[in-house]
Amino acid sequence: MRRLWIGVVYLIFIVLLIIPLIEIIRGSWAEGWGGFSDALSRPQSLHALGMTAIIVIIVTVINTMFGVMLALYLARAHWIGPKLKRLLNSLVDLPFAVSPVIGGLMIVLLLGPSTAMGALLAGAGIKIVYALPGMILATLFVTFPIMVREVLPVLQEIGAQQEEAASTLGAYSWYTFWKVTWPSIRWGVIYGVVLTVARTLGEFGAVLVVSGNIINKTQTATTLVYQDVENFNVVAANGVALVLAVFSVGLLLLMEWAKKRKDVH
């Protein structure tokens, strides 16, 4: 029976991952190297990939800083009452419970050009919706829980005894963090960074709603793939999708490397 279930798992893995990946590779090379290079060298492809890279970098940096900070507050801040901590924990998980499309729609309803706040910001020369800031906000909303959920369990497991001892001996809070806390949570942070990058690369729904999918202005790689499929430009869609797939596989390999390094240390 166990072999049967293992076989079923392998079958599901092949059907859901390996076969689609093979089809993407075949589709991207259907017209040879020329078709593949043309698909990636188009102005819209270069812009979409560049926009995706910018969003990945900004979102990962912000999520890392604020995710680790919030995890520290939830695990160590005694001035936060139990009820407030439970509320914050619930808010952290909100993006998991809400569809990304709904998240993008909420940003449009709050900061769109037809809203009071959006008009006020537009008057100051700041455009949020249908621009890069809105795309970053939408991606932050979707990916924010990842870092917190990777770091918080580690902080809860290691406890606060070593940090309290360092504080008793006169160590400053920043010194205590880098010398005591950071060595214990660094692998959790690495996992959080990898998962955040992967989620950002694949985000579609929230970004599509907020960006408007304007060619050469607010397109990401995923929304460009969507547009190419809608326009029956299958070779180009597969080419861009292959680039995203390669990055995803690279992230998986990085995760495995990080796990091995963790086991060694």
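Reader: Which residues in α8 meet α10?
Author: Thr-139, Val-142, Thr-143, Ile-146, Met-147, Glu-150, Val-151, Val-154, Leu-155 and Ile-158 do, and their partners in α10 include Gly-188, Tyr-191, Gly-192 and Arg-199. Contact means heavy atoms within 4.5 Å. This is a predicted model, where local features need pLDDT of at least 70 and side-chain atom pairs pLDDT 80 or more, while totals for chains, interfaces and linings use all residues. Residues are numbered from 1 along each chain as its sequence is written, and side-chain values use heavy atoms, without hydrogens and water.

Reader: Nice. At what angle do α8 and α10 pack?
Author: About 155°, with the axes of α8 (residues 132–158) and α10 (residues 173–202) 9 Å apart. The two helices are therefore roughly antiparallel (angles over 145 degrees, on a scale from 0 to 180 between N-to-C directions).

Reader: New topic: what about phi of Asn-213?
Author: Phi there is positive, about 55°, although Asn-213 is not a glycine. Asn-213 sits in the loop between α11 (205–211) and α12 (221–230).

Reader: Is Asn-213 buried or exposed?
Author: Buried, at 14% relative accessibility (the cut-off is under 20%, with exposed over 50% and partly exposed in between, for a 1.4 Å probe and protein chains only).

Reader: And Phe-232, buried or exposed?
Author: Phe-232 is exposed, with a relative accessible area of 71%. Its phi is also positive, near 60°, and Phe-232 lies in the loop between α12 and α13 (234–264).

Terms used
Helix = DSSP H or I, 4+ residues; strand = E, 2+ residues; numbered from the N terminus. Parallel < 35°, antiparallel > 145°, perpendicular 65-115°, else oblique.
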